[in-house]
Amino acid sequence: MITLCRATLVALMLAVSAIAPAYAQEKTGLKPGFVLAPGTARIVLMRPSIRVGAQSTGGMYEPNADWTDQAKENIATALAKAQTGLGNSVVGYVEPVGAGSAKVAEYQELFGAVASSVIEYQFFKGNRLPTKKRKDQFEWGLGPDVRTLPGLEAADYALFITTEDHFGSTGRKVLQVFAAMARVPITAGVHKGFAGLVDLRTGELVWLNADMQMGGDVRDAEGADKRVRQLLEGFPGKPVEAPIAAAPAIASAH
Amino acid sequence: MVGLLLASAIGTSALAADKRPPLPTYMQAYTPTTVDERGIWMEADEDERRLRESRSVIRDTALNAYVRGVLCRTVGDDRCKSVRIYIDEIPAFNATMSPNGTLTVWSGLLLRVRNEAELGSILGHEFGHFELRHSLMDFKNRRGGSDLMAWASILVRNSGDIRYNTIGGFYAFDRAQEREADMMGFQYLTRSRYPSSASADVWDHLMGEADATAIGRKGRAQHKYVAGFFASHPTNLARATYLRAASIEAADVKPAVVDTHQAAMAKWLPVFLNDQIKLNDFGGSEYLLANLAEGSGWTTPLLCARGDLYRERGNPRDLVSAAQFYQEAIGKGDAPPEAYRGLGLALLRSQQVAEGQAALATYLRLKPAATDAALIATLIS
């Protein structure tokens with residue numbers, strides 16, 4: 001019994017301390033043929049999920065309220081700035097009070113679940129589903145009922161943004177140096193995020209961008225600008241990308 | 001003057017006689033200040049946002065008011081006001097407290113406690129976690145331990161023992177906190193109008209139920225005093241023992257209170273019983289029903305639930321018993337239409353076709369808009 005426990009513990013410790021970044025990369029998925037012409041759509045930004053904290057020496061997440069507040073403010077400013085580059089108007093979602101709020105919460109959760117499924121089962125090798133192996137396919141959605149959410153009647157698309165940062169503490173970084181001397185790879189810090197665009201008429205997820213090693217320190221304004229730029233990389237319908245995207249015009253029956 | 005002195009002397013002696021440890025000083029609208037505590041409060045706030053929108057939360061005003069009332073009568077009116085209570089429809093015995101004062105009570109807990117005092121003892125325990133800021137201490141303990149393990153795994157050649165002890169230490173720390181919260185809840189209970197012995201009664205009944213479940217599943221009923229390596233709580237036997245000892249020592253004799261538990265639960269009892277029956281735990285459910293009947297007698301909801309329980313196990317003898325329970329419930333005059341459905345189905349399966357169809361017809365007559373009306377109708381024709 002005790003040996004069993006120890007084996008479990010060792011396995012647990014390895015999982016905690018030496019996670020090799022198996023899928024440390026970024027990836028973008030776009031529904032084939034999807035085109036978002038500049039100046040044609042009204043995009044609503046849902047309440048972003050932003051978590052910022054530190055990573056303790058042992059790898060635990062230590063949530064930090066001040067950093068999270070700063071990040072929320074900085075990312076909102078950066079998004080407002082980036083909006084002009086997106087080619088379409090982006091307005092913040094006004095959360096309903098009362099009966100509708102539960103439904104909104106459900107869809108926030110659903111988007112999180114769908115996005116993590118895309119990341120887990122399509123974006124990165126290893127755990128990819130056989131049905132998601134084909135190239136040039138992107139078939140995910142939240143269901144058509146998403147348009148019935150209160151306050152989204154006049155909108156065309158919903159933009160969801162999630163970021164999570166665990167800044168490596170000094171202790172973690174010192175440990176990393178010592179571990180490197182002992183030839184044990186240890187990562188310091190977790191910086192991941194994803195952004196997705198949902199077509200509110202069909203409920204389809206038309207674009208998703210995920211990055212498991214994001215840049216930009218969200219605690220200051222410049223870093224937040226960089227983070228938002230990275231989150232919105234490959235966003236469909238940017239004016240600069242418009243000429244390229246306009247090529248398969250037939251496919252835009254949408 | 002002398003009278004005054006005498007009075008003050010009596011006052012001091014009365015104070016000296018109170019051997020109970022003092023309660024922590026209560027601070028209204030406490031706001032965390034340190035980085036760690038503010039961090040875990042922020043996370044708890046986010047979790048509460050989600051919980052608030054959860055579909056399984058029971059928003060019935062009367063039931064919520066009842067639970068809050070019991071909390072207030074246990075920990076005091078000043079302390080209870082800041083707590084947000086969420087009753088979650090989960091058919092298991094549990095309640096949780098977040099660092100920010102979010103109290104979640106599972107419906108299975110409400111079903112199992114038999115009176116206000118037992119509910120108060122659990123709510124007091126949870127409030128104790130909040131007042132003693134256990135989440136913060138636990139967070140710090142785990143961080144310290146995981147730091148140590150990380151260093152040990154790199155600097156020490158064979159660090160297995162260190163890590164083994166540290167992980168054991170996490171759970172031992174949790175158990176110590178639970179025990180501390182048990183005693184804190186007990187302190188609230190001794191100061192309240194409720195008898196402090198209720199805190200041990202809860203665990204006695206839980207052990208009884210666990211035994212019944214084990215026997216019902218052809219297992220072995222056993223209770224240990226010493227908790228296992230990965231146990232987050234002291235064992236039920238240990239809790240029952242030290243709380244019973246404490247209540248014997250406290251020896252509080254209080255006037256009996258008018259207990260509103262049954263009245264408050266009346267509307268929800270059939271719902272919670274239905275959730276319980278679906279757990280496929282014949283032994284435990286049978287114990288629970290008998291335990292409830294000890295307090296209130298075999299009322300209609302209890303009889304109907306017992307009928308459902310026996311009908312779902314479905315041995316020929318169970319179907320006969322089930323039909324009897326439904327008939328008893330119907331005999332009381334306040335049975336819901338579902339009692340006729342249960343009776344009809346039990347009789348049909350006992351090959352008493354005519355009587356069974358008659359009962360089902362009564363069900364359809366009493367509840368024509370039932371969701372399963374079409375299906376039941378096919379059994380009649």
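Modeller: Start with a definition. Two residues are in contact if their C-beta atoms, placed from the backbone, lie within 7 Å. Keep in mind that this is a predicted model.

The part I pick is helix α3 of chain B. Helix α3(B) covers residues 61-75, which makes 15 residues. From its first C-alpha to its last, α3(B) reaches 21 Å, close to the 21 Å expected at 1.5 Å a residue. Which residues of α3(B) are buried? They are Y66(B), V67(B), V70(B), L71(B), T74(B) and V75(B). Seen down the axis of α3(B), these buried residues fall within an arc of 145°, so they line one face of the helix. The general rule behind such a pattern is simple. An α-helix has 3.6 residues a turn, so residues three or four places apart point the same way. On the other side of α3(B), T61(B), A62(B) and A65(B) are exposed.

What covers the buried residues of α3(B)? The cover includes the helices α4 (77-80), α6 (116-131), α8 (160-191) and α11 (261-265) of chain B. The strands β2 (84-88) and β4 (102-106) of chain B are also included. Just after α3(B) comes G76(B), which takes a positive phi of about 105°.

Helix α15 of chain B, residues 316-331, has 16 residues. Its end-to-end C-alpha reach is 23 Å, close to the 22 Å expected at 1.5 Å a residue. In α15(B), the buried residues are L319(B), A322(B), A323(B), F325(B), Y326(B), A329(B) and I330(B). Down the axis of α15(B), these buried residues fall within an arc of 160°, so they line one face of the helix. R317(B) and G331(B) are exposed on the other side of α15(B). The buried residues of α15(B) pack against α14 (300-313) and α16 (337-349) of chain B. Just after α15(B), G333(B) takes a positive phi of about 90°.

Next, the domains. The domain assignment of chain B gives domain 1 (34-250) and domain 2 (266-380). The C-alpha centres of domain 1 of chain B and domain 2 of chain B lie 35 Å apart. Their contact takes 16 residues from domain 1 of chain B and 15 residues from domain 2 of chain B. On the domain 1 side, the elements that give two or more residues are α5 (107-112) and α9 (198-216) of chain B. The largest share of that side, seven residues, comes from α9(B). By type, the residues of the domain 1 side divide into six nonpolar, five polar and five charged.

The UniProt record, an unreviewed entry, lists residues 85-245 of chain B as "domain: Peptidase M48". In the model, the end C-alpha atoms of residues 85-245 of chain B lie 30 Å apart. The span is 65% helix and 7% strand.

One loop residue deserves a stop. P234(B) lies in the loop between α9 and α10 (236-250) of chain B. Is P234(B) buried or exposed? P234(B) has 21 C-beta neighbours inside 10 Å, so this residue counts as buried. The cut-off for buried is 20 or more. Leaving aside neighbours within four places in sequence, P234(B) is in contact with R175(B), E178(B), R179(B), A227(B) and R239(B). The C-alpha atoms of P234(B) and Q177(B) are separated by 9.6 Å, although these residues are 57 residues apart along the chain.

Last, the partner chain. There are six helices and eight strands in chain A. Along the sequence, chain A follows the pattern α-β-β-β-β-α-β-α-β-α-β-β-α-α. Chain A has 254 residues, of which 36% count as buried. Take the contacts in chain A between residues at least 6 apart in sequence: 76% of them join residues at least 24 apart.

How many residues of chain A are in contact with chain B? The count is 27 residues of chain A, in contact with 24 residues of chain B. On the chain A side, the elements that give two or more residues are α1 (2-17), β4 (61-63), α2 (65-86), α3 (99-123) and α4 (170-181) of chain A. The largest share of the chain A side, seven residues, comes from α1(A). The residues of that side divide into 15 nonpolar, 10 polar and two charged.

Key
Residues are numbered from 1 along each chain as its sequence is written. Chains are lettered from A and ligands numbered from 1 in the order in which they are written. This is a predicted model: local features need pLDDT of at least 70, side-chain atom pairs count only at pLDDT 80 or more; totals for chains, interfaces and linings use all residues. Helices (H or I, at least four residues) and strands (E, at least two) are DSSP runs, numbered from the N terminus. The expected span of a helix is 1.5 Å times one less than its number of residues. A residue is buried if 20 or more other C-beta atoms lie within 10 Å of its own, exposed if 12 or fewer, and partly exposed in between; C-beta atoms are placed from the backbone. The arc is that of the directions from the helix axis to the C-beta atoms. Domain bounds come from an automatic or database domain assignment. Ala, Val, Leu, Ile, Met, Phe, Trp, Tyr, Cys and Pro count as nonpolar, Asp, Glu, Lys and Arg as charged, and the others, Gly among them, as polar. UniProt positions are given in the numbering used here, feature names are shortened, and annotations may be inferred rather than shown by experiment.
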